[in-house]
Amino acid sequence: MKNSKNIWGIIFILGAVWIILGKIGLLPYFSIARIMLTVLLVWMLVDGIKRQNFYKILFSIAFISILYDKVLRITALTPWTVLYAALFGSIGLTMIFQGRRRDRMDENFREQSFQGQGGGTYTAGDIHVSNCFSTASRYINSDEFRMARIENNFGTLSVYFDNAFVPDGVANLRIENAFGLLNLYIPKEWDVQSYDIDRAFGSVNEYGMRTGESGVLLTIHGESNFATVRIYYI
């Protein structure tokens with residue numbers, strides 16, 4: 001948290017210096033709105049590098065390039081060529097490097113995996129759910145649920161946890177949601193922590209109220225890039 005505040009402070013100081021030097025003609029002058037937007041994009045770039053989120057990294061660079069295309073003399077490439085390059089580059093780099101990182105993290109992760117359209121039921125404790133370019137529903141009917149990894153790319157995926165039991169009292173859910181809609185249906189009796197979801201032009205919305213009376217803690221973390229995650233407490 002302290003490092004994050006320091007980074008924000010440095011970025012705003014640089015923005016103030018830029019405004020002053022621009023006014024006196026030592027640097028090209030840009031509007032305050034453009035400089036503030038640049039500050040936001042630079043922060044997103046730094047945060048993306050820190051989290052290894054290639055969507056944040058490449059799209060922040062793309063939008064900065066669009067803002068300053070005349071200065072950089074790349075008007076022939078903006079906006080669509082730059083945006084398409086950022087999109088395909090983000091997808092490709094994420095597939096390469098995130099797959100390697102996931103393999104290291106899940107070296108000892110024995111999972112039950114099911115892919116394809118329609119519906120699927122899972123009964124194992126460690127689960128992998130994958131959906132791509134389709135609409136699907138998955139049902140977690142496990143008596144010893146511990147961990148799940150959910151991947152949704154360019155599709156709509158609904159995952160139901162209302163028949164899952166967590167004997168250890170703690171479960172972990174990692175999501176990777178890109179250009180899609182992910183619906184999570186979670187028992188309202190569970191306590192849920194969903195603060196560690198990294199978002200690049202994405203959103204996380206919660207519906208309903210949770211009571212947390214069962215003593216079960218579900219931790220949700222991961223990424224939602226150009227996508228929406230909806231958490232329903234049922």
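Modeller: Let's go to Ser 203, which lies in strand E10 (residues 203-207); strands (E, at least two residues) and helices (H or I, at least four) are DSSP runs, numbered from the N terminus. This is a predicted model, where local features need pLDDT of at least 70, side-chain atom pairs count only at pLDDT 80 or more, and totals for chains, interfaces and linings use all residues. Residues are numbered from 1 along each chain as its sequence is written, and side-chain values use heavy atoms, with hydrogens and water left out.

Is Ser 203 buried or exposed, or partly exposed? Ser 203 counts as partly exposed because its relative accessibility is 24%; buried means under 20% relative accessible area, exposed over 50%, and partly exposed in between (1.4 Å probe, protein chains only).

Now for its neighbours. Leaving aside residues up to four places away in sequence, Ser 203 touches Ser 224, Ala 227, Thr 228 and Val 229, where a contact means heavy atoms within 4.5 Å. With Thr 228 there is also a side-chain polar contact of 3.4 Å. That term stands for a pair of N or O atoms within 3.5 Å; within protein, one must be able to donate a hydrogen and the other to accept it, and residues adjacent in sequence count only if both atoms are side-chain atoms. Leu 181 is 22 residues from Ser 203 along the chain, and their C-alpha atoms are 9.9 Å apart.

To place this in the whole, the chain has five helices and 12 strands, and 42% of its 234 residues count as buried.
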